Every structure is written in structure tokens, then in C-alpha cells.
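Hi,

Here is the structure I said I would pass on. Have a look at it first, and my notes come after.

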Amino acid sequence: QVQLVESGGGLVQAGGSLSLSCAASGRSFSGYGLGWFRQAPGKEREIVAAISGSGVTITYADSVKGRFTISRDNAKNTVYLQMNSLKPEDTAVYYCAARRFPSRVYDSWGQGTQVTVSS
């Protein structure tokens with residue numbers, strides 16, 4: 001497993017942008033698939049975006065396609081989530097998570113960072 005620490009959350013007005021970062025400790029960072037998840041009050045946790053170890057394969061939830069961009073820098077052991085055109089419904093605690101290839105289970109989680117979008 002790796003240890004993950006998110007940063008970059010905050011309060012922003014609708015239409016604004018925020019960038020989240022997630023720094024990982026541990027070795028073989030490129031051997032981990034990474035995902036950003038979010039959980040809003042009263043709702044289940046959902047995956048927002050995912051990126052493969054090499055960064056070649058990327059997927060997004062339909063609700064964020066065209067607005068959010070996931071990326072990673074394996075030299076810095078960091079994954080990013082750039083969020084543009086934010087909406088009030090994007091308000092949630094955002095978590096990064098890691099899964100060790102070839103597992104499909106995310107078993108390392110960060111502590112989460114709050115993103116609040118005001119209308």
C-alpha cells in the first residue's frame with residue numbers, strides 16, 4: 001500500500017476552478033492505478049476519474065466529462081484533479097485512492113479534502 005495525502009480543496013463560486021493534488025509515499029508509484037472519488041452528504045461515494053499507472057488510460061464519470069481533468073506525475077509521486085466550470089452539485093469531500101496493478105480494488109485512501117461550490 002501507499003500513503004496518500006490530498007490538498008487543494010476549498011470554497012469556490014459556481015463556474016470557478018479548483019485544483020486538487022494527492023501526494024503518495026512509497027515505492028513503485030507507477031505500478032498503481034489512481035482514482036479520485038467524492039462523497040456528498042447523504043450520498044454514496046462515487047468515482048470521478050481514474051488514471052492508469054502509465055497515465056495512458058483515463059476515464060471520467062459522465063457528470064464531470066469535459067470539466068475535470070485527471071493527470072499524474074510519476075516523478076513526483078503525485079496525481080492531480082483539475083476542476084473547471086464547477087457546479088454546486090460538485091460539492092463533496094474528494095478522496096484520492098490507489099490500487100496496485102493488477103488488482104481492481106482501491107485499497108489505499110487519502111483522508112479527503114472538502115470542495116464547496118456556492119451558487
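Predicted model: local features only at pLDDT ≥ 70, side-chain atom pairs only at ≥ 80, totals over all residues.

By the sulfur-sulfur distance rule, the count comes to one disulfide. The partners are C22 and C96, with an S to S distance of 1.9 Å. C22 sits in strand β3 (residues 18-25) and C96 in strand β9 (residues 92-100), so the bond ties together parts that are 74 residues apart in sequence. As for handedness, the torsion about the S-S bond is about 45°, so this disulfide is right-handed.

Are the two cysteines buried or exposed? C22 has a relative accessible area of 2%, and because the cut-off for buried is under 20%, C22 is buried. C96 comes out at 1% relative accessibility and counts as buried too.

Now the threonine. T113 is in strand β11, which covers residues 113-118. With a relative accessible area of 11%, T113 is under the 20% cut-off and therefore buried as well.

What does T113 touch, once neighbours within four places in sequence are left aside? The contacts are E6, G8 and G9, then L20, and also A92, V93 and Y94. For G9 there is a further detail: a polar atom of the T113 side chain lies 3.2 Å from the backbone nitrogen of G9.

Cheers

Methods. Residues numbered from 1 in each chain as written. Heavy atoms only, no water. Helix = DSSP H or I, 4+ residues; strand = E, 2+ residues; numbered from the N terminus. Buried < 20%, exposed > 50% of the residue type's maximum accessible area, 1.4 Å probe, protein only. Polar contact = N/O pair within 3.5 Å; in protein donor to acceptor, adjacent residues only side chain to side chain. Contact = heavy atoms within 4.5 Å. Disulfide = S-S within 2.5 Å.
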